[in-house]
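This briefing goes through one chain, from its overall dimensions to single residues. Please keep the sequence and the model open while reading.

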Amino acid sequence: LDFGGQYNQLIARRVRDMGIYCEIIPWRKATVETIKEKNPIGIIFTGGPNSVYLETSPHIDPAVFELGIPVLGICYGHQLMAHTLGGKVASGETKEYGKTETYFDPSCALFNELPEQSITWMSHTDLVTDLPAGFRVTAHTDACPVVAMENADKTFYGVQFHPEAFHSEQGTLLLKNFAVDICGSHQNWSPASFIDTTVAQLKEQLGNDRVILGLSGGVDSSVVAVLLNRAIGHRLTCIFVDHGLLRKNEFESVMKDYECLGLNVVGVNAREKFYGALKGVTEPEKKRKIIGQGFIEVFEEEARKI
């Protein structure tokens, strides 16, 4: 669950590198219903730049902690767990940033096979000052008394440092302990298996339907096109609009790339339409809206021909 931290993509990368499938969901969309639909075996709360004791900061429905799912809170996520479950978080007199000597309780499942003393990467000004009921301290530094906490019975864990950061010496092992030992992941996922699963789901969902897809020439829509092409083949028709604002010869180059990928693409030269609509316009936001509307008009016109 993404609370706006700078390392959020890195957390997901570390988990995926261990052969474990994960998704990043923005905290605003992380309702209890959404989480139930995803049916996860574990949840990680990411870091973030806010203070949990402010009403304007990102928060989480306390009912998430009643789902019976293991939770690992990292930095802001650690503080959010403490705050939500009745603990206290406050601004610390001593701020920690960078490599920090940290002392671990090896009896905590999260720190299995970790040394009792190691370097972690810190980046915080707030800290947990009072634990929620049922929690105990499992790690500390010279400046921070609650660097980690756990409620082992409910499989809730919080760490103030960033295990996903390269400078946390045992960070990858910690994440593995959570994902594999505590959550029960089998480490059998790979990007290739994701492709196979996605294609199979598309086949089931689309059946014999035809699909018309708008292409931008960028990575996201191109990946969608390739996956759809593997699922339904010739029943996919793509539309790639040349609005005249691409790099020199980029339209022709991208069309060749699409051809090499085996995609059925209709290329549309709509440069003059866009040039005419943008003539004399200098305000960036107005340009953006004109271009967006132009895309819709050209796409709908071409779609009617298919």
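Why is strand E9 (residues 236-242) largely enclosed by the rest of the structure? Seven of its seven residues are buried, so the rest of the structure largely encloses E9; buried stands for under 20% relative accessible area, exposed for over 50%, and partly exposed for what lies in between, with a 1.4 Å probe and protein chains only. The model is a predicted one, in which local features need pLDDT of at least 70 and side-chain atom pairs count only at pLDDT 80 or more, while totals for chains, interfaces and linings use all residues. Residues are numbered from 1 along each chain as its sequence is written, and side-chain values use heavy atoms, with hydrogens and water left out.

**Whole chain**

- The C-alpha trace spans about 65 × 45 × 35 Å along the principal axes of the chain.
- Of the 306 residues, 45% count as buried.
- Among contacts with a separation of 6 or more, 69% come from residues 24 or more positions apart; a contact means heavy atoms within 4.5 Å.
- The chain has an accessible surface of about 16500 Å², and carbon and sulfur atoms hold 50% of that area. Areas come from the Shrake-Rupley method with a 1.4 Å probe, and for residues only the protein chains shown count as cover.
- There are 29 positive and 38 negative side chains, and the centres of the two sets are 10 Å apart. Lys and Arg count as positive and Asp and Glu as negative, while His and the chain ends are not counted; each charge is placed at NZ of Lys, CZ of Arg, CG of Asp or CD of Glu.

- E9 pairs with strand E8 (residues 211-215) in the parallel sense over five bridges; strands are said to pair if DSSP finds at least two bridges between them.
- Phe 240 in E9 is the bridge partner of Leu 215.

**Strand E2 and its partners**

- Strand E2 (residues 71-74) is also covered on both faces: Val 71 and Gly 73 are buried on one side, Leu 72 and Ile 74 on the other.
- Strand E1 (residues 43-45) pairs with E2 in the parallel sense over three bridges, and Phe 45 has Gly 73 in E2 as its bridge partner.
- E7 pairs with E2 in the parallel sense over four bridges, and Phe 156 in E7 stands opposite Val 71.

**Residues in helices**

- Ala 12 lies in helix H1 (residues 8-17) and is buried, at 4% relative accessible area. Not counting residues up to four places away in sequence, Ala 12 touches Cys 22 and Ile 24.
- From Ala 12 to Cys 238 there are 226 residues in sequence and 31 Å in space, C-alpha to C-alpha.
- Tyr 275 sits in helix H8 (residues 271-278) and is partly exposed, at 38% relative accessible area.
- Neighbours within four places in sequence aside, Tyr 275 is in contact with His 243 and Gly 244. Leu 245 is 30 residues from Tyr 275 in sequence and 9.0 Å away in space, C-alpha to C-alpha.
- Glu 302 belongs to helix H9 (residues 284-303) and counts as buried, at 13% relative accessibility. Residues up to four places away aside, Glu 302 touches Ile 239, Val 266 and Val 268.

**Loop residues with positive phi**

- Thr 155 is not a glycine, yet has a positive phi of about 55°. Thr 155 is in the loop between strand E6 (148-151) and strand E7 (156-159) and is partly exposed, at 21% relative accessibility.
- Asn 249, also not a glycine, has a positive phi of about 65°. Asn 249 is in the loop between E9 and helix H7 (250-260) and counts as exposed, at 51% relative accessibility.

Terms used:
Helix = DSSP H or I, 4+ residues; strand = E, 2+ residues; numbered from the N terminus.
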